[in-house]
Amino acid sequence: MKRREFGLLAAAAVAAGSPFRAFADETCQSPYMPKITGQEEFVYVWTLGVEGMGDEQDKLVTIDLRPGSDTRGQVINSVSVGGRNEAHHGGFSADRRYFWTGGLDTNRIFIFDVHSDPSAPKLHKTIDTFVKDSGGVVGPHTFFALPGSMMITGLSNDDDHGGRTALVEYNDDGDYVATYWMPTASDMQGAVAVGDAVADGYGYDIRALIRKNVMLTSSFTGWSNYMMDFGQMLQDGEAMKRFGNTIVQWDLHTRQPKKVFNVPGAPLEIRFPWGSNANYAFSTTALTSQLWLIYEDDAGEWQAKAVADIGNPADIPLPVDISIAADDQTLWINSFMDGKTRLFDISDPHKPFQIYEKVIDRQVNMVSQSWDGKRVYFSSSLLANWDKKGEDDVQYLKAYNWDGKELVEDFAVDFYELGLGRAHIMRFGSSALYSS
Amino acid sequence: MIRALATALALLAPVAMAGEYGAALPAPISAETCPTDRESWASAALERSLTPQPGLPPVPHPADNPPTEAKIELGRKLFFDRRLSINRTMSCAMCHVPEQGFANWELATAIGVEGRSIKRNAPSVINVGFLTPLFHDGRDPALETQFVAPLVARNEMANPSIGHVVAELNGLPDYRPLFDAAFAAPASLDRIGQALGAYQRSLTLGNSAFDRWYYGGDETALNAAAQRGFALFTGKADCASCHLIETDQALFTDQQFHDTGYGRLREERRQNPPATHPVQVAPGVVHQVDFSRILSVSAPREADLGRYEVTEEPEDRWKFRTPGLRNLAVTAPYMHDGALTTLGDVLEFYNIGGAGHPDQDARIHPLNLSPTELADIEAFLLALTSDGLDCLVAEARSHPPDNF
Amino acid sequence: MRKRYLLSGLTAAVLAAVLGWQVWWPGPPARPSPMASVFEASDAYQFDPPAPGSYRLNRIKSAPDGRVLDVAGREHSLHDLTRGKISLVSFVYLTCGDVNGCPLAMSVFFDVHDASRDLPGLKEDVQLLTISFDPARDTVAAIDAFAYPITSDEEASAKLDWQVLTTSGPQALAPILDGYGQVVDRSEDQETISHLLRLFLVDRQGDIRNVYGLGFLDPRLLLTDIETLLMEEAGA
């Protein structure tokens, strides 16, 4: 009978834990999404416009990565969107046909069509009403694809430009669906503060472990801080008190907060491993320079603990982006202030240790790696007013090959020399994703 | 003198500027204790701005701008409208936050469009109706004209011109009925100023514990420490020679400009930064950071010569207007650049005689106040907090901020 | 294995007896509570479903209308079929061999369909719709043959209605796929049709209230969401 065959097939598939369509690419995407298996063909770089440079506007820059292409390693497309919006992060829709990118300052969301011609994304739709739609959320940051919708983390709010914020959900058509405010000490929404955690209501990144119905969010700082001059902020005692110190565990299905963990010093990126029995996630704290593990303990309870220092925390190296390898054995960690990338062995997630480091340039922010881990890409910009000043303000995308021992530079694109601006998030594209 | 300067520098650099490490952050002023509604809040605001309050003189409404409910409603909307900046991110209220005493507790100096730096602290606009001239350097005499500069300043709301703002308002359909109700006319530069003036003059609050004690004759209103603090404030410490207390009312300001030594001290620090600076990276965790690392991510900061920037008179260098002290418990951080976190830091600055510069006002000299005396003065200052802050917040939040 | 079959046969017999009683028994028999308790937990979904009604299901968007054909070749407006009942909607093509695609969608529907025997009265409120996105091959005759296990099910009257539907061709299909946001990529040889597995929960008013992808096709979750919608309708 058909039913039993279906059942057996389905059980086998679920047990294998294989995501639909065995594509694969950079390892830090939503698990709902199709992935690029082999060679990434293009990298899209969401780039901040700079006053007095080129057309001064934010733009989506496409760089050719196709082996053998005459234009490999070159900019082959650039789409300007108008204004400087504090271009920052972006994410594909779950069907990977659209690339949603956000402006942390102006709260505009630009949705690019990347499937009609993956070599030349087109601006498909602009959402100008994010703050009003959401009831006052400012700073659309991470775009995390769910089936049929896009979950967007906010960083701030329109009452005070501080750090209290929310998650905002839109459907795939770009229409507003719902707002979920982060729990605060005065409104826990049923969540429990673990240990000495104080729910601050701040937001930053979001990732989920679907199999466990667990969603995690981290916490950064509000508009006033992420927009202001970095050096000025370091000297502003009041401003430095307004950073997030929490990671929140949510019920993914109901979007309800469950636990608030104390993770002091602005935990930023969150990454779950891919393994079918790996019930943990990593995060790094920007200000306190630690690697944190959020994990399910033997009793089935989720916990948070610091598992390693990144460089010398007293120097404030400022760890920023991280990238976990597809085999869950290593983690790249970039730190902005010293321009370094460090590779950590995370084979025992409770005891990670550094195995390699290299200075990429005078500043470095984002890191993305191919699914096989052999190609690693770096970009330079943190935030428009946090980037280094003068000679140290180098802006680039750099491609490296990783042989397991050494990062060897393949090519570099100088974003200032080309009059483009500040290079921020990188996402891969491939025409192999779309068969029609 | 040298020693006083060194003490002042020490006071400013490592401890005061990074604040009280690990201390719980203050709770914002809640509107919950003052029920109000979208329709009738403006009548309460109007009544408040027309009725003399304990400890305050009558609000000096300009003869050509008597307040009305309609002007107050329009002024409130303008004050909170984020659409009135070039990229729709800033309103007046993004720096003058109601829950933070219509100031900003989270920043020493304000941040404007695209994160651009403003060199001064956003002052509270509570009781701003009594002040003239306005701004730390007194560069504008009246609320009816003051609003233009922030709307067009490149580092504040960055509109390309003030005419652009007027045209923008006349293009927004939600404003038409409010201008009609207030003025029976469309938006104009004068009418915007009048509405903003009327709203801000409704943010008037006396009736603190001090007022009930000093002007209301309620002996129990002020505790003993605060009463001793009052005696010091008006006597040994001589604060009241600038922060005036009159027989029938008190604004706690002489509306004049003075060189306390603080402005010059701060400017000298800007030009000659210390080798290291303490940076709080998490509650209770502070690192001494090499200043060269801070400089690598720092844009140049503007100099601040105070009143001189308005008059260009050499004797006005380093002078700043005397701030009123009412509600200062809810308007930290302090001084024109917000570099002092607590009232204790401010009192310590004056107790050691300011910066000890030779040209500073003669009234700023070492006071030799004991810790108990300083605590008494602080108790007095904390007794200057008005009843009714919650209602100012409730009225301010009667409608959500406007966004596109 | 054999013992289990025997047991389930017994259960069925008992159930049939119970249903027989219903003819004269006043009032419907009680449903298990929560409804999801009719399923056992599976290793694939390592969490407990939330309590029904303890959360809010968003209105994601309106489900689209369109013209569809049933197994008898009759044409219907999709809205006529979806309005009035809570619907679980899935898209498949019959020659689909991707284990994480159509077979999984069908398997989940079979699970819910079978379990609905134990949820008396639920069929008054809930139905299943399977729509083909390969109208060229999935003709009326093809879907009729495909639906045979469902239409010939002796216990069908005790289970949820389950309609297998196709369309007259790509033009009729396109607005339905677009409206639901079900992406379909045809390979150049037309042999395989890549698509992201999606299952849609549509409420009685025709709004899409949840979209399930791989990882959330836990039948316990589907029933919990359905129960939550029923509680919302009852004003709970």
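In the predicted model, chain B and chain A together bury about 4,100 Å², of which 52% lies on carbon and sulfur atoms. On the side of chain B, the residues that lose the most area to chain A are Glu106(B), Glu114(B) and Val297(B), which together account for 16% of what that side buries. The contact draws on 50 residues of chain B and 52 residues of chain A.

Polar interactions between these two chains comprise 20 residue pairs in polar contact, both residues being at pLDDT 80 or more. Three elements of chain B each give two or more residues to the side that touches chain A: strand 2 (276–282), strand 3 (285–290) and helix 12 (291–296). Strand 2 of chain B provides the largest share, with 6 residues. Classified by residue type, the side of chain B that touches chain A has 25 nonpolar, 15 polar and 10 charged residues.

The count of salt bridges between chain B and chain A is 5. One salt bridge joins the side chains of Asp159(A) and Arg397(B), with an N to O distance of 3.1 Å. Over all chains, the structure holds 77 salt bridges.

Salt bridges also form within individual chains. In chain A, the side chains of Arg342(A) and Asp338(A) meet at 3.1 Å, N to O. Arg342(A) counts as buried, with a relative accessibility of 3%, whereas Asp338(A), at a relative accessible area of 22%, is partly exposed. In chain B, a salt bridge links the side chains of Arg116(B) and Glu114(B) at 3.7 Å, N to O, and both of these residues are buried.

In chain C, Asp203(C) and Arg59(C) form a salt bridge whose closest N and O atoms are 3.1 Å apart. This pair connects distant parts of the chain, the two residues being 144 residues apart: Asp203(C) lies in the loop between strand 9 (199–202) and strand 10 (207–212), and Arg59(C) in the loop between helix 1 (2–22) and strand 1 (61–62) of chain C. Asp203(C) counts as buried because its relative accessibility is 2%, while Arg59(C) is partly exposed, with a relative accessible area of 43%.

Technical notes
Residues numbered from 1 in each chain as written. Chains lettered and ligands numbered in written order. Predicted model: local features only at pLDDT ≥ 70, side-chain atom pairs only at ≥ 80, totals over all residues. Heavy atoms only, no water. Contact = heavy atoms within 4.5 Å. Buried area = accessible area lost by both parts, 1.4 Å probe. Salt bridge = Lys/Arg side-chain N within 4 Å of Asp/Glu carboxyl O. Polar contact = N/O pair within 3.5 Å; in protein donor to acceptor, adjacent residues only side chain to side chain. Helix = DSSP H or I, 4+ residues; strand = E, 2+ residues; numbered from the N terminus. Nonpolar A, V, L, I, M, F, W, Y, C, P; charged D, E, K, R; others polar. Buried < 20%, exposed > 50% of the residue type's maximum accessible area, 1.4 Å probe, protein only.
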